[in-house]
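Q: Before we discuss any features, could you set out the sequence and the model, so that we can read them together?

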Amino acid sequence: MKELSLHALDIIQNSIAAKATRLDLLLEESGPILTLTLTDNGCGMSPELLARAGDPFTTTRTTRKMGLGLPLLRLSAEMTGGSLSIDSREGIGTRVTAAFRSDHIDCLPLGDMAATLALTIQGAPEVDLLYIHRKDGREFRLDTRQLRRELGAEVSLAEPEVILWIQDYIREQEEALSASSI
Amino acid sequence: MKSLADLQAIRDRMQKQINLRDTSDDHIRVVVGMATCGIAAGARPVLNAFLEEVDKRQLKNVSITQTGCIGVCRLEPIVEVYVPGQEKVTYVKMTPDKVPTIVSEHLVNGHVVAEYTIGAAE
C-alpha cells in the first residue's frame with residue numbers, strides 16, 4: 001500500500017465482510033505518533049481465529065488460502081517502530097489499532113482520506129460510519145447518520161452526485177485541519 | 001466552504017428524478033474489485049473515475065458497486081460490466097484514464113472496448 005488511507009479502506013472491507021452495521025474510525029495525530037483505530041460491531045473472531053489473524057496464511061474467504069490486509073498493515077506500522085493490535089470478541093465486534101511513528105522515514109503518507117471515506121460510504125451506504133480526525137487539539141468529525149438526516153430517506157448516500165459532494169466536503173475539512181496546525 | 005446543509009439542495013434536485021434509477025430494463029451494473037489486491041493495485045481512483053463519469057453524464061441506468069477479490073490478483077484493478085442479456089465483460093489492469101472510454105463506448109454506446117478486456121491481456 002502506498003498510503004495509510006489505503007490501508008484504512010482495506011481493513012474497513014474486513015468489517016463490512018463481518019456484517020458490521022456500525023464503524024468508528026478514529027485518526028489521532030499527537031506529536032510524532034499517529035494512531036488509526038477501527039472499531040466495528042461485526043461478527044467478531046473466536047480466540048483461535050484472533051490468534052491467527054495477523055498470519056498471512058489465514059483468511060475467511062474461499063478463493064484462496066491467504067489474506068494480506070492485516071499483515072501488510074502490521075508491516076507498515078512496525079516499519080516505523082509502531083505496532084498493530086487486534087481485539088475481538090465473537091458476537092460483539094472487533095477493534096484494530098495501528099500506531100505509527102510519523103516522523104520515521106519509512107512512514108507512509110496519510111494520503112487521500114476523503115477518497116477512502118467516500119468510497120466506504122459508496123460501498124456500504126447503510127452502515128453507520130463515524131470518522132473522527134484529531135490533530136493537535138482540533139478535530140473533524142463526520143457521521144453518516146447526520147448526512148442521512150440532511151439528505152432524507154429517499155435519496156441514497158451511494159448516489160454518485162452525493163458521494164462526490166461528500167468527498168469534496170471531507171477534502172475541504174481535512175485541508176482546513178492540516179492548514180490550521182502549521 | 002461546503003456545509004452539510006448543501007445536501008438538502010442535492011436532495012431536492014434528486015427527488016425529481018429519483019424513480020429513474022433501478023426501474024429501467026436496461027440497467028447496467030459496474031462492479032469494481034476492492035479487496036487488498038485491488039486496492040493495492042489502484043482500484044480506488046478507478047472507482048472514483050467511474051463515479052465521476054457516471055455523474056457527469058447523468059447515467060441513471062448504471063449502478064456502481066464494490067466486491068471483494070475477483071480471483072486474478074495479478075490483473076488488478078479489475079472491473080466487471082454486466083449488461084442485461086449479454087455476457088459479462090471483464091476489464092483488467094484498469095487505470096482512471098481508461099474509464100471515460102469504457103463509459104462512452106461500452107456503457108453508453110454498447111460497444112465492448114476489446115483492447116482493455118481480460119481476453120486481450122491473456
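Q: How large is the area buried between chain A and chain B, and what share of it do carbon and sulfur atoms give?

A: Buried area is the accessible area (1.4 Å probe) that two parts lose on being put together, summed over both. In this predicted model, the area buried between chain A and chain B is about 3,400 Å², with 61% of it given by carbon and sulfur atoms. On the side of chain A, Glu150(A), Glu161(A) and Trp165(A) supply 21% of the area that this chain buries against chain B, which is more than any other three residues. Counted by contact (heavy atoms within 4.5 Å), 39 residues come from chain A and 33 residues from chain B.

Q: What conventions lie behind these values?

A: Residues are numbered from 1 along each chain as its sequence is written, while chains are lettered from A and ligands numbered from 1 in the order in which they are written. As this is a predicted model, local features need pLDDT of at least 70 and side-chain atom pairs count only at pLDDT 80 or more, whereas totals for chains, interfaces and linings use all residues; side-chain values use heavy atoms, with hydrogens and water left out.

Q: How many salt bridges does the rule find across the interface of chain A and chain B?

A: A salt bridge is a side-chain nitrogen of Lys or Arg within 4 Å of a carboxyl oxygen of Asp or Glu. The rule finds 2 salt bridges across this interface, and one of the pairs that meet the rule is formed by the side chains of Arg13(B) and Glu161(A), at 2.3 Å from N to O.

Q: Which helix gives the most to the side of chain A that touches chain B?

A: Helices are DSSP runs (H or I, at least four residues), as strands are (E, at least two), both numbered from the N terminus. Helix 6 of chain A gives the most to that side, with 12 residues.

Q: How many disulfides does a search of the whole structure find?

A: In general, a disulfide is a covalent bond between the sulfur atoms of two cysteines; here the criterion is a pair of cysteine sulfur atoms within 2.5 Å. The search finds 0 disulfides over all chains. The sulfur of Cys43(A), for instance, is 19 Å from the closest cysteine sulfur, in Cys69(B), which is too far for a bond.
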